[in-house]
Amino acid sequence: MKNVKVLGSGCANCETTAKLIADIADAKGIQIELEKVTDMAAILGYGVMTTPGVVIDGKVVHAGGVPDRDKVAGWLAPAAGGGGCCGGCC
Amino acid sequence: MLDALSAWLTFDLMGLTPGTHLGEAVWFFLYDVPKVLLLLVSVVFLMGVVHSYISPERTRAWLANKPLGLGNVMAAGLGIVTPFCSCSAVPLFIGFLSAGVPLGVTFSFLISAPMVNEVALALLFGLFGWKVAALYLGLGLAVAIVAGLVIGRLGMEHHLEDWVRKIQMGAAPDLGNGTPTWRDRFRSGTAHVKEIVGRVWPWLIAGIAIGAGIHGYVPQDLMAGIMGKEQWWAVPAAVLLGVPMYSNAAGILPVIQALLGKGAALGTVLAFMMSVIALSAPEMVILRKVLKPTLIAVFAGVVAAGIMLVGFVFNAVL
């Protein structure tokens with residue numbers, strides 16, 4: 001199961017982002033663990049200075065603004081093989 | 001062309017009489033809405049395209065370790081074109097400082113970014129003409145540069161909250177976006193239009209409607225007594241009045257334009273507008289998380305002084 005963190009101090013865009021990710025995961029039937037990170041020190045620890053930011057399995061994939069639907073779907077798509085990325089394998 | 005079209009719609013199609021209250025108000029509304037919307041969409045689209053060239057991370061790298069002076073000028077300019085939403089003000093502030101951007105330079109950025117924004121400029125251009133828009137741009141930049149310089153000179157680094165200075169900023173993540181193509185840039189433009197125009201249009205329409213009402217119904221020179229040039233206290237009062245208000249340029253500018261037509265002085269209303277945008281109480285509350293009260297007070301004081309100066313200069317010159 002993927003761990004998704006939405007970084008943001010609770011502004012409207014951050015809420016929208018979290019909801020968007022939850023909706024898309026729901027629609028695709030993908031189980032995710034969604035967390036909201038509002039602690040400023042933690043957010044900055046990820047090197048993110050524009051919120052909302054998105055972290056998937058510990059890696060920052062997005063910062064600043066609500067992401068596109070396509071992008072979100074891409075992040076959530078199950079990684080092929082043994083958890084690596086980009087593999088074209090079954 | 002819009003002029004003729006709105007006149008035709010109002011006086012021929014709807015059969016209203018020119019010179020009547022209702023006729024003037026409706027004509028004003030039908031003329032202003034398409035004109036201002038068109039301008040707003042074009043400017044916001046262009047700004048979206050520009051955004052695809054500049055990210056906050058890039059701006060930060062440009063500003064890191066720049067001396068006061070040059071750094072402030074660059075920061076104020078970059079504040080206009082760097083994409084960031086006001087809810088990111090705190091992480092951005094800390095991110096800049098931790099990368100070695102001087103405090104005064106960071107402030108120039110934070111003051112210019114909301115005050116000299118594209119919506120305000122597009123509306124000023126549409127409602128008042130390019131001269132007023134250019135003056136606003138120049139004076140807004142000047143306030144941001146000078147206020148940042150003053151704060152930098154005062155050496156107030158120890159007035160940051162303690163946790164801010166202790167913070168460990170992670171390395172900037174590589175988002176692997178690569179160089180955007182023109183397609184991406186245009187998409188950035190359309191996305192920006194959707195976001196900004198999608199958010200402000202109801203305010204804009206409401207503002208123009210109120211403005212149209214004032215234009216048609218409020219007697220000439222009513223505002224001259226309250227907001228005219230003769231009252232020296234009008235500028236400071238306008239700045240004070242602006243602080244607790246948190247509005248966007250879209251709703252407030254059309255009203256201002258109508259008030260101007262009734263004898264209010266341009267400097268006074270511009271000072272009011274800058275104060276509403278740059279010195280909002282909610283923003284103070286956000287900044288209070290990172291700044292100790294003394295620094296907040298200095299920030300508010302310096303910016304307010306700058307805005308008042310702009311108001312007085314405008315009233316004196318025009």
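Me: Which residue is the bridge partner of A:Val55 in β4(A)?

Reply: The model before us is predicted. In a regular strand the side chains alternate between the two faces of the sheet. Here, A:Val55 has A:Val60 of β4(A) as its bridge partner. The pairing involves strand β3 (residues 53-56) and strand β4 (residues 59-63) of chain A, which run antiparallel and are joined by four bridges.

Me: How many residues lie between the strands in the hairpin of β3(A) and β4(A)?

Reply: Two residues lie between these strands, and A:Asp57 in this hairpin has a positive phi near 45 degrees.

Me: What pattern does chain A follow along the sequence?

Reply: One reads the helices and strands in order. Chain A has three helices and four strands, arranged as β-α-β-α-β-β-α. Of its 90 residues, 34% count as buried. Among the contacts in chain A with a separation of 6 or more, 60% are between residues 24 or more positions apart.

Me: How many helices and strands does chain B have?

Reply: Chain B has 16 helices and zero strands. Its radius of gyration is 21 Å, close to the 20 Å that the globule rule gives for 318 residues, so chain B is as compact as a globular protein of that length. Along the principal axes, its C-alpha atoms fill a box of roughly 70 × 50 × 30 Å. Of the contacts in chain B between residues at least 6 apart in sequence, 86% join residues at least 24 apart.

Me: Which residues have the most contacts inside the largest nonpolar core?

Reply: They are B:Leu123, B:Ala271, B:Met273 and B:Val303, in a core of 112 residues. Helix α2 (residues 21-51) of chain B gives the most to this core, with 12 residues. As for burial, 46% of the 318 residues of chain B count as buried. Leaving aside residues up to four places away in sequence, B:Ala271 touches several residues, including B:Val235, B:Ile307 and B:Met308.

Me: How many residues of chain B are in contact with chain A?

Reply: The size of an interface is often given as the accessible area lost when the parts come together. Here we count residues instead: 19 residues of chain B are in contact with 19 residues of chain A. Helix α5 (residues 89-98) of chain B gives the most to the side of chain B that touches chain A, with five residues. By class, this side of chain B has 15 nonpolar, four polar and no charged residues.

How values were computed:
Residues numbered from 1 in each chain as written. Chains lettered and ligands numbered in written order. Predicted model: local features only at pLDDT ≥ 70, side-chain atom pairs only at ≥ 80, totals over all residues. Rg over C-alpha atoms; globule rule 2.2 N^0.38 Å. Buried ≥ 20, exposed ≤ 12 C-beta atoms within 10 Å, placed from the backbone. Contact = placed C-beta atoms within 7 Å. Core = buried A, V, L, I, M, F, W, Y, C linked by C-beta atoms within 7 Å. Pairing = 2+ DSSP bridges. Nonpolar A, V, L, I, M, F, W, Y, C, P; charged D, E, K, R; others polar.
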